[in-house]
Structure formats: structure tokens, C-alpha cells
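Take a look at the model below. This briefing goes through it topic by topic.

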Amino acid sequence: MLENALRFMTMADANVRFVLFGSLLIGATGGLLGSFAVLRRRSLVGDALAHAALPGVALAYLWTGSKALPVLLAGATVSGVLGVLLMQFVINFTRIKADAAIGIVLSVFFGIGIVLLTHIQRSGSGNQSGLDKFLFGQAASLVEDDLKVMSVLAGLIILVLILFFKEFKALIFDPGFLQTLGYSTRWIDVLLMGLIALTVMVGLQAVGVVLIAAMLITPAVAARFWTEQLNKMVMLAAAFGGTSGIVGTFISSLAPKIPTGPVMVLVATFFFIVSALFAPRRGVLARGLRRRGNARRETQQHFLRACIELQEKIGEGRAWPVEELAIELGHSPDKVKRIGQQLAKAGLVARGDGRFALTEAGLQEGLFVVKSHRLWEHYLYYRAILDADHVDRPADEVEHLLTPEIIIRLEDILARERGIDPAQIVTLHGTGSQYRRGGRE
Amino acid sequence: MIEISGSFWIVLTGVLATTSCGLLGTFLVLRKMSLLGDALSHAVLPGIAIAFLVSGSRAILPMFIGAALFGLVTTLLVEVFHKKWQVQEDASIGVVFTALFAMGVVLITAYAGQVDLDQECVLYGEIAYTPWDLLLWGGDSLGPRPVWILGGVLVLNLSLVTLFYKELKIASFDPAMAASVGINATLIHYLLMGMVSLTTVASFESVGAILVVAMLIVPGATAYLWSDRLAVVIALAMLFGAVSAMAGYFLASYWDSSIAGAMVVVVGGIFLISLLFSPNQGVLARLWQRLQLSLQVAQDHMLLALVRRDEEVEEHAKLRPDELVGSAAVWGVWARMAFAKLRRRSLVQQADGLIGLSAAGEQEALRLLRKHRLWETYMNRLGLPEDHVHDPADAIEHFISAELEAELGAEVGDGRDPQGKQIPPSGIEG
């Protein structure tokens with residue numbers, strides 16, 4: 001094993017260099033095209049295409065007797081594209097839905113491929129060993145000629161991708177816009193499918209038909225977590241794919257029994273999981289933290305509002321005992337203490353003697369929250385015509401989200417349409433919200 | 001002798017597996033979950049491999065536990081990735097099943113010494129060895145083990161589907177109604193997934209992953225092309241599965257290839273035949289319907305051309321055949337076919353090389369003209385400018401039924417159309 005690792009690291013062996021370059025190429029083109037395939041919701045079509053390529057490989061060999069990669073890939077492309085066309089035909093012409101159509105093409109073409117492969121193997125007309133690597137892939141078997149073919153294909157893919165980047169982008173995000181530019185969405189779609197097909201062909205020998213779809217899907221999905229921009233996503237997906245290729249090849253070079261394809265897929269899956277968990281904005285952890293922060297801010301703002309509403313009810317300038325706040329908020333006294341301590345740390349309340357009082361900063365923020373709450377109540381009451389006893393709860397949720405701009409618009413609408421004076425909404429000596437008690441008048 | 005009974009056991013194993021899959025597959029296809037079935041049958045592989053490693057044998061129970069666990073994991077992961085991690089649904093299916101399948105392959109190849117499975121066998125099974133994999137009971141052979149296992153699974157599937165038939169049916173066709181009558185959709189979902197996992201495991205070692213995937217999807221989808229009734233679709237799906245198992249075996253022995261693969265080829269053939277020849281959904285039937293329709297439209301247009309000419313010259317006008325054929329606005333051959341049909345229906349008559357309407361033809365033509373102008377007037381009333389109403393009316397005139405004509409007549413009245421032409425009165429007997 002150590003020897004293998006050394007051989008790999010030093011790259012003294014030309015074969016190692018080929019294999020490495022090949023897997024890099026596969027991973028990178030897979031990531032590039034995969035971004036488009038995933039965003040266009042064609043990820044499983046790539047899977048169908050790959051499975052459908054198998055009979056083409058076998059037939060190309062049966063007809064020509066050659067195992068040269070260009071010949072086999074030509075056959076694979078023809079049968080793969082035929083499979084996708086058949087799938088599209090079934091979706092358009094019958095009541096069979098897309099999912100079943102993908103499954104039919106995928107399994108039946110693959111079955112045909114298996115029949116042909118086993119027949120070739122048993123009929124003695126040739127040694128199947130050259131062909132069965134197309135099932136799970138064998139990066140170790142890549143030779144210089146294979147790499148030339150793969151490089152040409154990859155170059156072609158990248159060239160077309162650069163030339164039509166804008167069109168593909170429009171196809172994904174705004175097909176209508178593409179049409180107004182005078183393009184036929186259909187042909188751009190066909191072009192994209194063609195590129196996906198070529199990408200599958202690049203990886204067919206080293207990753208195999210069963211799992212090549214993962215090289216399209218997984219790096220792209222991983223990249224999606226890190227960015228909202230297409231060009232960044234494409235680059236990142238290519239980087240993830242390329243790295244998966246290299247790392248996967250390295251790992252499987254340590255244990256030559258294990259086929260390369262599955263290992264590459266597992267490395268890509270690792271990138272996916274890491275991205276999904278730790279990506280800064282869309283990642284699971286980041287979103288969890290954000291949600292917790294929001295929830296904390298909400299309880300704090302409710303606390304401030306409760307202080308102001310108590311002040312309205314009872315009179316000015318008092319410090320509120322924990323018990324009274326607990327009743328007002330519906331929390332346990334312990335929870336009230338905890339929130340109060342958070343707020344004290346932020347300088348919004350002052351505490352002492354089991355009581356809390358708003359500081360000047362706390363008062364300002366509290367007033368803003370109360371104002372948001374009541375403006376929203378008014379708005380729901382007059383514009384959405386909710387009953388008076390149905391506006392408090394929604395306002396509880398929305399009060400934290402209203403921006404100063406929205407507040408100004410709400411004030412404006414209510415002043416114009418209902419003659420409500422914005423200055424009278426929170427006065428600190430009023431009677432609180434008018435919506436707590438009864439139904440609509 | 002051993003040869004014949006060997007074939008019998010192989011075919012029986014195939015039939016048991018394919019009918020089980022066909023039965024469950026119908027529901028997967030109806031519920032648009034075919035790809036989840038596909039994913040499931042790939043993703044149980046690591047479960048099976050781990051069960052092998054742990055138990056060191058092909059005992060069905062550990063394998064089932066392993067596979068069921070991973071089946072559940074697949075369903076859960078797809079759901080978590082999609083709903084919680086905000087990955088598109090198709091992409092999350094793709095990520096999950098490729099990762100799990102890759103894991104399975106790595107396990108199998110890494111522990112090749114301990115695991116009596118190889119990656120090819122995972123794909124297309126070892127059904128040919130069925131007759132030698134005997135179930136022994138106190139030294140006596142009870143027949144091949146896979147037959148017992150798959151037979152048991154089929155009986156279980158049949159009983160569960162029969163027991164929960166109503167629930168499955170409602171939950172598949174109308175989830176909202178299912179919820180409103182108190183059917184637990186989640187329970188039905190996991191029941192179905194559980195049956196699919198069990199069937200996958202039971203079929204796996206004898207027929208392999210591709211046969212399971214194909215038989216879960218293709219027979220159900222094919223049967224769906226032939227019938228609208230669920231019970232019939234299920235019966236047909238099981239029949240198609242059984243037929244392909246039998247025919248596939250003979251194809252494989254005739255052409256010396258993988259038996260499971262050949263069974264898939266046959267079911268693919270059945271699908272292709274259905275795609276072409278099914279009476280309602282088939283391609284030929286559709287093309288025939290379209291041809292009939294365009295011939296009908298062409299005939300209508302010819303009648304209208306004649307009756308409009310009548311109106312212009314205020315007498316029974318006649319047109320040269322080429323003028324008439326030109327008026328149909330369809331391609332030459334179809335126009336001539338439509339013309340021949342008009343003559344066969346005696347709606348036109350020919351004199352001195354010119355074509356005119358017969359009495360019956362005139363009635364038919366006037367009724368069409370009435371429909372056309374009623375529609376024009378109606379569209380105009382709805383606000384479409386008068387120079388934009390001809391084309392829509394041209395397209396729809398062929399499809400206006402007697403009832404709709406009566407309704408339009410009541411709405412629009414017998415007056416003039418937007419171009420100021422008289423709408424022919426109704427009450428002409430056809």
C-alpha cells in the first residue's frame with residue numbers, strides 16, 4: 001500500500017500521470033456541466049443517458065470488433081441520445097410521467113446493454129474485460145490515447161460552454177427572456193443536452209455508466225450551497241469535481257481491487273455533506289444559527305414591548321418586578337430573568353432588586369417594536385379586514401421584520417385612508433392596543 | 001430431466017420476482033415515485049453488504065434488516081436533503097442513491113474475501129444458480145431457497161395490497177381526499193416503501209438490481225397505457241412481468257446471455273409494442289385520430305369555400321377541383337383524400353368538370369357557416385376586434401356541438417356577424 005502511495009505521489013510513472021489527469025478532467029467537466037444540468041432540473045436525465053449509453057458501447061464493439069475508445073464512445077453517444085429522445089417522446093405523447101419515463105429508458109437500455117455484454121463474454125467472440133469496465137469504471141486502465149480523446153471532448157465542451165454561457169444562463173433562469181432575444185429555447189436546450197451527453201462520455205470509461213450521474217449531480221449540488229452566482233457555482237463545482245477525481249483515484253490506487261468510480265463518488269459526497277453543513281449562508285449550521293438568533297431577538301423584543309405596555313397601563317418611570325413581566329409575557333419567571341440578563345448585557349434594560357427597567361436605548365427600541373406591532377394591527381384590520389381579535393397574533397410575528405421604510409409607508413397609508421395620527425400610536429399614557437378586547441365594530 | 005426441472009425453477013423464480021415488482025410498481029408509477037423505487041433498489045446494497053459481513057451468511061433475516069434499514073435511510077435522507085437542506089428533489093434522489101450504491105460497491109469489493117457477492121452479480125443476479133441453492137429441511141430438499149423466499153414475499157405483498165387496497169387507491173389518486181377521510185398518508189407511504197424494500201432484498205441475489213428497477217417501473221407504466229381501471233392495471237402489470245420472465249429465460253438460453261437482462265429486454269419489448277399499438281394511448285392510435293381530425297377539418301374547409309362562393313355570386317356556384325383542393329389549406333395528398341371523402345359522403349356533386357354542393361352538402365355547409373359566424377360574433381362581443389375573429393373561428397368551428405351552437409345562438413341571436421354577413425338561420429335539419 002505504501003509502495004502504491006509512493007508511486008502515486010512521485011508521479012514518476014507516466015501511467016499515474018495519465019490516470020490523474022483523466023480523473024481531473026472527468027471531475028471538472030462533470031462539475032461544469034452538472035451545474036447547468038442540476039439547475040435546469042435535468043440531473044436524473046443525465047443518469048438515464050449514462051445507462052442508455054451501455055448498449056451503444058456493446059453494439060459498437062460487435063459491429064466494428066474494435067475496442068478503441070472513439071469507436072465505443074461514438075456508439076455510446078448514439079444510444080444515449082436515442083434513449084433521451086425516446087424518453088422525451090414518451091413524456092410528450094403518452095400519459096406516462098417524466099419519472100417513469102426516465103426509469104423505463106434507464107432500466108430497459110441498461111438491460112439491453114447487459115444482455116449484449118454477457119453475450120459477447122460468453123460467445124467467445126472477444127474478451128469482455130475491455131468492456132465491463134464501462135459498468136463501474138476503471139481509471140487505472142486509462143492510456144495515452146484515451147486521454148487524447150477525453151481531452152478533445154472536454155475541450156469541445158468547455159469551448160461551447162464559454163460561447164453559449166449567456167444563453168444557458170438565460171435558459172435556466174428566464175427562458176422567456178431567451179425567446180425575446182430571438183433564440184429558440186428548444187435548440188439551446190438540445191445543445192445543453194448534447195453537452196451533458198458528451199460529459200457523460202468523458203467519464204464513461206473511468207467512472208462507469210452506473211455512477212457517472214453522480215459526477216454531474218453531487219459536485220454541483222455541493223457548490224450550490226456556497227454561492228448565489230452561476231459563474232462562481234460553475235467554477236466551484238468544477239473544483240469539487242476535479243478534487244474528487246484526484247482524491248478518488250489516489251484512494252483507489254491504494255487498493256486496486258476497488259473500482260475508481262464509486263470512490264470518486266464517495267469523495268464528492270463528502271464534499272456535498274461538508275458544504276451542506278458548513279457553507280456560510282445556505283449551510284445547515286449557518287441557517288440554524290440564524291434561526292436561533294432570530295428567535296432570541298424576537299423574545300427580547302417581546303420583553304421590551306411588555307415593559308412599555310405595562311408602563312402604558314400603570315404609569316411612567318417604573319421598574320417592573322419579574323413576576324409581573326412573567327404574567328404579561330406568559331413566560332416562567334426564570335425565563336424572564338434570563339432574557340432580562342441578555343438585555344442588560346446589551347444595555348437595553350437596567351436591573352436590580354428583582355426588577356427590570358428600560359434604559360433610554362431600550363425605551364427607543366421598545367417604542368419602535370410597539371409601533372410596528374400596532375401599525376401592523378391597524379393595517380390588517382383595515383386593509384385585510386381581519387377581525388379585531390385576530391390581528392394581535394400575526395402582528396406578534398411581523399413586528400420584528402418591519403423595516404423603517406415599511407413603517408413610513410404604513411404610517412402614510414393609515415394617515416391618508418383612516419386619519420390615524422402616527423404620533424398617537426404609542427404615547428406611553430394611552431390605554432395600549434385597542435385590539436385586545438372585542439370583535440369588529 | 002435435471003435440465004427441465006432446472007429451467008422450471010429458474011423461470012418460476014423470475015415469475016415470482018417480476019409479479020411482486022409489477023404489483024408494487026403500479027402504485028409507484030401512479031404515485032410518481034418510480035425514481036424513489038429506482039433509488040431504493042440501488043441504495044439497499046450497502047445494507048445487504050453489511051449484513052453479509054456481520055452475519056457471514058446469506059441468511060435472509062439479517063439481509064432484510066440491513067436492507068430495510070438502508071431503505072428507510074434512503075427515504076429519510078431524500079426527504080431531509082430536499083425539505084430541510086433545500087436541495088432540489090431530483091438532485092437529492094440522485095445524490096443519495098449514487099452515494100449509497102457507491103458505498104455498497106466499495107464494501108463488496110473491499111471485503112471480496114468475506115462477502116460472497118461480486119459487483120456484476122449485484123447488477124444482474126445469479127438466477128441461473130437458483131436450482132442448486134436448495135432449501136434443506138432435516139436433510140430433505142424442499143426445492144430452491146429463492147423460490148420459497150420470493151413466493152413468501154409475493155403472498156405477503158398480495159395480502160397487504162388486498163388488505164389496504166382502498167387506502168392505497170385513494171392515497172394514490174387523491175391524497176387530499178385520503179387525508180379528509182382519515183387515511184394516514186405517511187403510513188401508506190412507508191408501508192409501500194417497506195414492501196418495495198422487502199421485495200428488492202428478496203429479489204436481489206437471484207435477479208439483481210437492474211431487473212428489480214425495470215420490473216418496478218416498466219410493467220406498471222406499460223399497463224397504464226392499456227387501461228384506466230386500477231385493478232386491471234395491476235393484473236396487466238403482473239401479467240407483463242410474468243410473461244417477460246418466461247420469454248426472457250428462453251431468449252437468454254437461445255442467445256446465450258444474462259437471464260435477468262433478457263427478461264428486461266422482453267419487458268422493454270412489451271412496452272414498445274404497447275407504446276405503438278395501445279388502443280387509446282398508443283402512437284398509431286394517436287396518429288390515426290389526428291389524421292381523421294385533419295381530414296375532417298379539410299372537408300369542412302372545402303364545404304365552407306363552396307358555400308361562401310354561393311353567397312358571393314348568389315347562386316349555386318361551382319369551383320374547379322384544384323381551386324377547391326387549394327381552399328383546404330392542407331398538404332396536397334390529404335386535401336385530395338378529404339375531397340374523395342366528401343364525394344363519398346355525397347356532399348358535393350360534379351358536373352362538366354366543376355364541383356358544386358349537393359342538397360345535403362349545402363345544409364352541412366350552412367350549419368358550419370352558422371357555427372363559424374356565431375363564434376366570430378361571440379368573440380367580437382367579448383372584445384376581440386372584428387379583424388381578429390376569423391382565425392379563432394376557423395379553428396373552433398369543427399368542434400362546436402349542437403348544444404353549444406344552441407347556447408351561442410341564444411346568446412348572440414340571428415343577426416349579422418362582425419363583418420356584416422348574415423348568420424345562416426338554425427333549424428336546418430342535418
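Predicted model: local features only at pLDDT ≥ 70, side-chain atom pairs only at ≥ 80, totals over all residues.

The domain assignment gives domain 1 of chain A as residues 2-282 and domain 2 of chain A as residues 283-441.

**Between the domains of chain A**

- In chain A, 8 residues of domain 1 are in contact with 5 residues of domain 2.
- On the domain 1 side of this contact in chain A, 6 residues are nonpolar and 2 are charged. No residue on that side is polar.

**Between chain A and chain B**

- Chain A brings 48 residues to the contact, and chain B brings 49.
- Several helices of chain B each give at least two residues to the side that touches chain A. They are α2 (34-43), α5 (89-110), α6 (119-124), α10 (185-224), α12 (259-277) and α13 (283-313).
- Which helix supplies the largest share of that side of chain B? That is α5(B), with 14 residues.
- The side of chain B that touches chain A has 32 nonpolar residues, 12 polar ones and 5 charged ones.

**Helix α3 of chain B**

- Why is helix α3 of chain B, residues 45-55, largely enclosed by the rest of the structure? The reason is that 8 of its 11 residues are buried.
- The buried residues of α3(B) are Leu45(B), Pro46(B), Gly47(B), Ile48(B), Ala49(B), Ile50(B), Ala51(B) and Phe52(B).
- After α3(B) comes Gly56(B). The phi of Gly56(B) is positive, near 70°.

Key. Residues numbered from 1 in each chain as written. Chains lettered and ligands numbered in written order. Domains from an automatic or database assignment. Contact = placed C-beta atoms within 7 Å. Nonpolar A, V, L, I, M, F, W, Y, C, P; charged D, E, K, R; others polar. Buried ≥ 20, exposed ≤ 12 C-beta atoms within 10 Å, placed from the backbone. Helix = DSSP H or I, 4+ residues; strand = E, 2+ residues; numbered from the N terminus.
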